[in-house]
Amino acid sequence: LEQSEREQRYLEELQATGSARPKEVEDATAKANADRAALQAALAEQSEAKHRVERLAVVAPFDGFVVRK
């Protein structure tokens, strides 16, 4: 994400001086937006996985001791 954002800013600066085509800037912007969306999706998935782990509990049906393993 950081790299695509840097490339986007770089191409925007080049476009301001007339050294980059608008299509290049549009492509870099689209890539940065796609990377942001992918990051948000991954963070949401991570949060959901953490939530599932927190709810996970193994409970024995009765109290007791392990006599032999």
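Guide: Helices here are DSSP runs of H or I with at least four residues, numbered from the N terminus. This is a predicted model, where local features need pLDDT of at least 70. Residues are numbered from 1 along each chain as its sequence is written.

Visitor: Thanks! How many residues does helix H1 have, and what does it reach from its first C-alpha to its last?

Guide: The expected span is 1.5 Å times one less than the number of residues. Helix H1, residues 2-16, has 15 residues and reaches 21 Å, close to the 21 Å expected.

Visitor: Which residues of H1 are buried?

Guide: Buried means under 20% relative accessible area, and exposed over 50%, with a 1.4 Å probe and protein chains only. An α-helix has 3.6 residues a turn, so residues three or four places apart point the same way. In H1, the buried ones are Ser-4, Gln-8 and Leu-11. They lie on the same side of H1 because they cover an arc of only 70° around the axis, taken from the directions from the helix axis to the C-beta atoms. Turned away from that buried side is a face with the exposed residues Glu-2, Gln-3, Glu-13 and Ala-16.

Visitor: What covers the buried residues of H1?

Guide: Contact means heavy atoms within 4.5 Å. The cover includes helix H2 (22-55). Among the H1 residues that meet H2 are Ser-4, Gln-8 and Leu-11; the H2 residues they and others meet include Val-25, Ala-28 and Ala-32.

Visitor: At what angle do H1 and H2 pack?

Guide: Axes are lines fitted to C-alpha atoms over the stretch in contact, with angles from 0 to 180 degrees between N-to-C directions. H1 and H2 pack at about 160°, their axes 9 Å apart. That makes H1 roughly antiparallel to H2, a term for angles over 145 degrees.

Note on methods
This is a predicted model: local features need pLDDT of at least 70, side-chain atom pairs count only at pLDDT 80 or more; totals for chains, interfaces and linings use all residues. Side-chain values use heavy atoms; hydrogens and water are left out. Helices (H or I, at least four residues) and strands (E, at least two) are DSSP runs, numbered from the N terminus. Angles under 35 degrees count as roughly parallel, over 145 as roughly antiparallel, 65 to 115 as roughly perpendicular and the rest as oblique.
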